[in-house]
Amino acid sequence: MSGGGKGGKSVVVGYQYFWGLHVVLAHEINAVLGLRFGEKYGWEGVKTGRWTADGPDPSISDSSIVLDAPTLFNNSEGGVSGVVNILNGGPYQPRHPYLLAKVSPLMSAARGVASLVFRQTYWGNNPYMRPLGVRAVRTRPDSLFAPADARWDEIGESAVPYEGMAETAADFDMNPAHMIYECLTNADWGRGLDPGGLDLPSFAAAAATLFAERLGLSLLWDAQSSVEDFIQSVLEHIDATLYEIPSSGRIGLKLLRGDYDPAGLALLGPDEIIRVEQYYRPGWGEITNEVKVLWRDDLNRERTVYARDQAAVNMQGSVVSETLDFPGLRHAELAQRVADRELAQRTGSLCQATLVATRAARGLKPGDVFAWRWPEYGIERMVLRVLAVSHGALTDGTVRLTCAQDVFAEPVISTVAPPRPVPWTSPVGAPAPASAARLLEAPYWHVIKHLTGEYQFLLNEFGPDSAALLVLAPAPQADSAGYQAVFDAGQGYDPDEGLGGAWTPGGVLALAVGPAETEILLADLTDFEAAKPGQLLFLENEILLVRSVNNGALGVARGVLDTLPAPHPAGARALLDASPLLPREEYASGETVKARVLTRTPGATLALAEAPELSVTLAGRFARPYPPGRLRVNGQAWPAAIPGTAGLSLTWAHRNRVQQTAYVVTQEEDGVTPEQGTTSTLRIYGETGALLRTVQGLETEGWDYAPAEERADSGLALPDPETRTYDQVVAAAGPTAYWRMGEAAGPTLADSSGHGHDAACFNNPVFGEAGAVPGNTAVRFDGLNDYAQVPHQAALNPGTGEYAIECWLKFTGTAYGMVFGKFYDPSPYQGPTVFSNYSSAGRIQMRDQSGGGYELTSAAAGLNDGAYRHYVFQRRQVSANVWKLEMFINGVLNTSLTLPSVLDHAPANPICIMGRPALQWVAGALDELAYYVGRALTPEEAAAHYAAREPSASSYRLNGRLRFELESVRDGLASLQRHDRVIPRAGYGFQYGNFYGGI
């Protein structure tokens with residue numbers, strides 16, 4: 001990278017990788033249909049190259065593939081581009097000039113094998129090559145145009161189109177009869193038999209039947225297994241057998257089909273059968289009632305279809321499943337037909353027999369059928385199919401037949417005394433629509449667990465705009481055997497691309513649940529025996545982690561992965577992800593994908609038009625950050641409200657989708673380091689719904705909204721137009737006694753609370769002193785013998801509850817004195833007390849005593865400077881089991897003490913103010929003294945009372961309720977879900993800036 005003409009050095013920002021390769025594929029092929037790099041095709045089409053004795057075949061226009069996908073992987077990873085030559089491997093193929101130049105002049109022409117030559121091809125910006133996949137076709141021995149074996153076409157059509165829709169080479173499979181023929185006759189890699197040693201009419205008849213059935217195969221054979229094993233695999237795919245004709249020694253091919261009339265079969269009975277060596281019919285416990293067939297799609301990905309006999313399942317009491325691998329099948333419907341065929345052979349309780357017959361049975365071959373009569377066993381006419389024949393020695397004169405009851409025979413068995421006909425109705429109903437199926441965008445967790453694993457090169461292919469699908473479908477009926485899901489991303493539904501799926505266990509909520517509940521009850525359970533702890537449960541738009549299972553009663557962790565706890569009504573559908581279906585197709589964010597779930601029963605598949613259409617618009621869920629977890633509002637997970645004057649305090653825990661793949665992280669776990677660039681965004685709304693504040697780019701795990709900030713943001717004027725005064729603010733807080741000290745003369749200090757706790761002054765303190773609060777005066781005490789006293793009443797004793805002493809005070813001197821105290825000689829001392837100049841001059845102290853007790857001394861010194869200060873001294877319960885002594889000076893907490901125990905204050909003492917009758921007098925002025933019994937002030941109230949000294953008619957009030965939204969953001973992508981809470985304030989309603997009423 002140049003320095004832009006300013007003399008800068010070149011900087012290497014990355015590398016591009018080019019590969020020269022010679023890739024040998026197989027013996028001759030007819031055409032190359034596609035090149036796949038990783039999970040993406042870089043080229044698709046039909047290309048072939050063939051040489052004649054005179055050079056390139058003129059009928060072949062192009063034997064080279066041009067790759068032109070430089071951004072196939074993504075912009076940063078690059079893609080593929082360049083030229084790939086096809087070497088078909090024919091007998092006239094010359095040596096390739098690129099290989100001669102790059103490898104060796106002695107390089108062979110590679111005849112007899114098909115190969116590809118990548119001529120210095122660009123493979124992206126990553127030094128690790130993505131796996132190369134080649135899709136090729138071969139339906140004839142050497143090319144698409146002419147067979148090398150003159151007898152090849154005598155057998156019939158070797159290329160089998162699927163359902164008559166073949167237009168290109170990619171639409172054909174190979175006729176299995178031709179596969180077996182070539183394996184038997186090929187001299188290079190097969191058995192090398194003379195074609196004259198084969199019974200060609202039997203091969204031709206089988207090929208014609210397979211062509212009519214559209215039963216073609218696309219099957220890969222390598223040298224790791226013998227050609228005999230490969231032939232046997234083909235025979236198992238098509239349900240056929242090879243046999244030898246005793247009279248000629250030729251090898252024939254027989255398909256096991258119901259192509260006969262049972263009434264016209266040869267009958268062998270006691271005259272022809274010498275003895276029965278074995279006769280066996282399997283019991284119900286030995287029968288397979290479900291078959292799972294594995295097949296391969298065009299990307300060579302393993303797919304599954306199911307066939308189940310629900311009547312047999314009901315009879316046996318459980319599913320007895322068998323998995324069969326048929327890698328040569330590449331169409332879902334064909335795989336389903338094979339699955340149904342295999343199931344029918346396993347669920348009929350068909351008998352097996354070994355019979356020793358006379359030479360009357362010498363003409364029977366493997367695959368032939370005959371009727372058997374054996375009165376000793378009550379068998380009048382049972383159709384048997386020959387599995388093996390042994391002719392024994394020439395002098396023996398017997399033929400041993402290994403047989404099995406034929407599944408195609410109707411009726412299967414007829415006894416000597418036929419049973420009386422009984423009316424019968426099939427227990428298998430018509431396939432019902434899967435009306436509760438869901439089509440979802442797959443979360444990051446499911447993409448990792450089911451599609452990519454932890455392979456980084458696969459994860460890199462899922463960019464910010466990538467998306468995957470997830471299908472969950474509960475069974476609509478008891479006798480259904482699974483489903484086929486077909487998808488439409490804008491090009492219509494293609495049944496060939498359908499995916500087989502197993503039904504999803506689930507149920508519905510029996511009772512509504514709130515977001516904080518961790519126990520739920522499900523009803524109408526289907527297939528729920530698969531439920532176990534550790535599974536995920538999809539409940540509407542929330543994902544839950546199952547912790548315990550007791551039938552339909554589940555213990556759960558709420559809002560896991562990229563979801564959050566939410567309320568759900570009774571009847572909401574809950575689905576376990578025990579058997580989710582995730583197509584391997586990659587989709588783009590913003591794309592709308594439709595799907596239909598086609599119910600399958602043992603007898604039919606739901607028609608496409610009858611299945612409800614599902615739809616999802618993809619939102620890039622895979623790449624979105626997880627929302628914050630462990631949210632707390634003022635220290636609580638789900639508070640009903642916050643205190644009336646409290647600020648809003650939020651805390652949360654960071655989450656990281658990339659790190660959270662080893663196990664499911666729950667809401668309540670600690671935070672982790674978030675993905676790089678991940679922050680939190682918070683939006684606050686007021687009681688009218690107006691957006692008050694947006695906070696972006698938060699990297700911390702918490703945020704506080706102070707009352708002063710909220711008032712400034714709210715724009716909500718106080719409802720009363722009058723100016724708020726200090727005494728109105730204090731009176732609204734509900735003091736037990738409130739002495740304003742504003743009298744013109746003594747000796748009485750009136751209690752303005754209305755509770756009648758008037759105080760009497762002694763020794764003539766001075767009334768009318770300049771007060772701390774505008775519009776009110778104070779009382780000055782001389783520190784020599786002035787004091788005031790309030791007679792004892794039980795209502796003034798706080799007992800073991802909260803209390804608070806609030807006042808405006810200024811004092812001078814250094815003498816130790818009692819500002820306030822329900823505390824009196826003789827010992828033991830009891831009650832709440834405030835002292836000035838205690839311990840050291842200029843400090844103030846609060847005591848909480850009952851014969852002993854606790855002391856709290858101000859952190860601040862120099863308080864004896866003669867200046868008014870607002871004080872609050874109190875005992876407050878801050879949580880369920882925590883009590884504190886607190887001292888506020890000018891609205892700010894100055895010091896506090898956590899109490900080991902709560903003392904009981906119930907003295908029969910008067911309240912002494914600014915001194916006692918004989919000692920501890922205070923020199924200073926006192927204004928606006930309030931005493932609260934049974935409650936304390938919140939920190940916000942203490943601050944508000946101090947601020948009320950200066951009244952304001954234009955102040956804004958707090959909101960009666962707040963709503964907030966909290967989400968994670970990374971690279972412009974917000975979390976799929978966000979916290980969205982409405983928090984009321986306790987005491988919603990206002991008067992003079994204070995709250996009243998209920999929530």
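This is a predicted model: local features need pLDDT of at least 70, side-chain atom pairs count only at pLDDT 80 or more; totals for chains, interfaces and linings use all residues.
Glutamate 941 sits in helix α12, which covers residues 939–947, helices here being DSSP runs of H or I of at least four residues and strands runs of E of at least two, numbered from the N terminus. With a relative accessible area of 15%, glutamate 941 is buried, a word that means under 20% with a 1.4 Å probe and protein chains only. Leaving aside residues up to four places away in sequence, glutamate 941 touches Thr645, Arg935 and Ala936, where contact means heavy atoms within 4.5 Å.

Residues are numbered from 1 along each chain as its sequence is written, and side-chain values use heavy atoms, with hydrogens and water left out.

Let me turn to the sheet. It is open, has 6 strands and mixed pairing, and runs in the order β14-β20-β21-β22-β19-β15, two strands being paired if DSSP finds at least two bridges between them. Because β14 (267–268) and β15 (273–280) each have a single partner strand, they stand at the edges, and one side of each is left without a neighbour in the sheet. Further in, β21 (residues 379–390) pairs with β22 (residues 399–405) in the antiparallel sense over 6 bridges, and valine 389 has leucine 401 in β22 as its bridge partner. In general, strands of a sheet pair through backbone hydrogen bonds, either parallel or antiparallel.

Notes:
Buried means under 20% relative accessible area, exposed over 50%, partly exposed in between (1.4 Å probe, protein chains only).
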